Amino acid sequence: MVYDRNVEVARHERLIAKGGCRLELDHYLEALIRKPGAFPGATALEQARSAGKFTPVHDAWWTAAVKAHGDTEGTQALIEVLLMARHIPHEHLVAGLATALRAGALTADAVALEARKAAPTEDEPAPATSSALATGQPPATVTFLHEWKLNHLPPDTRPLPSVTPYDQLLRRRASGGDHREGEVQ
């Protein structure tokens, strides 16, 4: 543990082996999103896999995203999903990945929306995501984030715009009544 005065600012796993190192994948994501080709062979990725932080669901979604969008864009989409783990609990993110994968929604926005849906509300218990995957539930439906935002906008009560002033200008111009001083015709 690392403290700044009496406040814990970091916590790291104790390494037993001499000269050993433990890399945190999250610390490298900003660099890897700019250089996605380095992601597959990253030591931090392998350590995250062995620690169980990068799950088979992550791998399956990544494989599908690369197949749909290509190596660079698919890997960048996965890294965007991994960056969400800073704000969304790991189990909700994995549930969002699984639901998005079943629905064929291979964008970070879709995963974010599904991860937020997986979060329990105050009056309902958390969904059983691992058992839902094992029971072969019907395919999930995914609402894309932009569609959700559009559906949750307040109604637009403004009157429709009028084109009457433009019509009047056109009529005036057509009748020759729109001449300015000093204009030569």
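1. Helices H3 (residues 56-69) and H5 (residues 90-103) have axes that come within 9 Å and cross at roughly 40°. Axes are lines fitted to C-alpha atoms, for helices over the stretch in contact, and angles run from 0 to 180 degrees between N-to-C directions. Helices here are DSSP runs (H or I, at least four residues), numbered from the N terminus. H3 and H5 are therefore oblique to each other. Angles under 35 degrees count as roughly parallel, over 145 as roughly antiparallel, 65 to 115 as roughly perpendicular and the rest as oblique.

2. This is a predicted model: local features need pLDDT of at least 70, side-chain atom pairs count only at pLDDT 80 or more, and totals for chains, interfaces and linings use all residues. Residues are numbered from 1 along each chain as its sequence is written, and side-chain values use heavy atoms, with hydrogens and water left out.

3. Which residues of H3 and H5 make the contact? H3 supplies Val-57, His-58, Ala-60, Trp-61 and Ala-64. H5 supplies His-90, Val-94, Leu-97, Ala-98, Ala-100 and Leu-101. Contact means heavy atoms within 4.5 Å. The residues of this contact divide into nine nonpolar, two polar and no charged. Ala, Val, Leu, Ile, Met, Phe, Trp, Tyr, Cys and Pro count as nonpolar, Asp, Glu, Lys and Arg as charged, and the others, Gly among them, as polar.

4. H5 also packs with H6 (residues 108-118), at an angle of about 120° and with axes 7 Å apart. H5 and H6 are therefore oblique to each other.

5. On the H5 side, the contact with H6 uses His-92, Leu-93, Ala-95, Gly-96, Leu-97, Thr-99 and Ala-100. H6 brings Val-111, Glu-114, Ala-115 and Ala-118.

Technical notes. Helices (H or I, at least four residues) and strands (E, at least two) are DSSP runs, numbered from the N terminus.
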